[in-house]
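Work through the exercises below with the model open. Try each task before reading its solution.

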Amino acid sequence: MTTNATPSTEQASTTHTDADMKITINPQRAATLTSNLEHIHQRISSALSSQSSRSSPPRLVAVSKLKPASDILALHNPPTSHSHFGENYVQELLEKSKLLPSSIKWHFIGGLQSNKATHLARDVDSLWAVESIDSEKKATLLNKGRAERNDRLSDSTPLNVFIQVNTSGEDSKSGIAPDSSELVSLAKHIQDSCENLHLQGVMTIGAIARSKATTPETENEDFICLRETRDKLAEKLGIEKDKLELSMGMSEDFEGAIRQGSSEVRVGSTIFGERPAKKDAKVLEETEAEKK
Ligand SMILES: *Cc1c(COP(=O)(O)O)cnc(C)c1O
């Protein structure tokens, strides 16, 4: 039962933006999600233990796209208190960010359209990073949106951004070519002309075939490529290479990514299960009463 004073006529509406809307968590579902997340943490630890030179574990971004707000809240609540979540669609992220606590650190990891960039950075208050920048134009628009958000909230924290690199060279993947001068000029543009952005690192998705073929003996070429690209970029920018993070590794290949020095893995289906089709996805699940 909601206890706020929403007029009853609005209760059947499908676009809920009321931050007081009660999100119901199914305890069984919460237990499953908590155990899945715990299992990923264990796999991350064992992948790390094969790496003697490393100290800190990579950040784990739980990719919650197309999954309901209740799943996110189940993992954000104690005892798990997980805070980094990844989303691919601007509208869905906006809805979730309004419903869920502002202590969540959102990552936008999906294909970014220029016409949504300002909106994304301005209106998702607790946006922590945008990982899919591939043009100066998008950087400029994100910078503008972040400035507007910071003015409104009297905040001066910059938005973290990653440049997406197309390490596999597949036409279907977005991102900048690893060896291009465009990569260096985009990084310089972010550093020098976007005062509300912070260049956090580089990101790749990588080819499915390569992630399937990854074993401790056959390392994933996409991850090697991103690491080398990062090293060269840091040199050209005149900064230490560990000042630029590597966002790489998903459900199928995050252990291989960690072996190549990943600073951040983005894991979705191994935590949340298979995703529904986009048209069937719901931010708020139906309550029992609404089910037909
Ligand atoms: C969906 C997605 C993920 C998570 O993929 P899983 O295979 O479900 O772990 C990670 N990164 C990006 C960019 C994605 O779009």
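Helices here are DSSP runs of H or I with at least four residues, numbered from the N terminus. The model is a predicted one.

**Exercise 1. Describe the setting of K65, starting with where in the fold K65 is found.**

Step 1. Locate the residue. K65 lies in the loop between strand 1 (59–63) and helix 2 (69–76).

Step 2. Classify accessibility. The relative accessible area of K65 is 15%, so K65 is buried.

Step 3. Collect the contacts. Setting aside neighbours within four places in sequence, K65 is in contact with G86, E87, N88, E92, K96 and R275.

Step 4. Consult the record. An unreviewed UniProt entry places "modified residue: N6-(pyridoxal phosphate)lysine" at K65.

**Exercise 2. Which residues surround the ligand, and how much of the ligand does the protein bury?**

Step 1. Read off the surroundings. They comprise V63, K65, N88, I109, I205, M250, S251, R266, V267, G268, S269 and R275.

Step 2. Pick out polar side-chain atoms. One in K65 lies 2.8 Å from a ligand oxygen atom. The side chain of N88 has an N or O atom 2.8 Å from an oxygen atom of the ligand. For S251, a polar side-chain atom is 2.5 Å from a ligand oxygen atom.

Step 3. Turn to area. The ligand taken alone exposes 390 Å², of which the protein buries 90%.

**Exercise 3. How many residues make up the largest nonpolar core, and which have the most contacts inside it?**

Step 1. Recall the background. Nonpolar side chains tend to be buried together in soluble globular proteins.

Step 2. The largest nonpolar core holds 65 residues; L120, V130 and L142 have the most contacts inside it.

Step 3. Trace the source. Helix 1 (residues 27–49) gives the largest share of this core, with seven residues.

Step 4. Not counting residues up to four places away in sequence, L142 touches L112, A117, L120, A121, V130, I133, V161 and L197.

Note on methods: Residues are numbered from 1 along each chain as its sequence is written. This is a predicted model: local features need pLDDT of at least 70, side-chain atom pairs count only at pLDDT 80 or more; totals for chains, interfaces and linings use all residues. Side-chain values use heavy atoms; hydrogens and water are left out. A nonpolar core is a set of buried Ala, Val, Leu, Ile, Met, Phe, Trp, Tyr and Cys residues joined through side-chain atoms within 4.5 Å. Buried means under 20% relative accessible area, exposed over 50%, partly exposed in between (1.4 Å probe, protein chains only). Helices (H or I, at least four residues) and strands (E, at least two) are DSSP runs, numbered from the N terminus. Contact means heavy atoms within 4.5 Å. A residue is near a molecule or strand if one of its heavy atoms lies within 4 Å of it. A polar contact is a pair of N or O atoms within 3.5 Å; within protein, one must be able to donate a hydrogen and the other to accept it, and residues adjacent in sequence count only if both atoms are side-chain atoms. Accessible areas come from the Shrake-Rupley method with a 1.4 Å probe; for residues, only the protein chains shown count as cover. UniProt positions are given in the numbering used here, feature names are shortened, and annotations may be inferred rather than shown by experiment.
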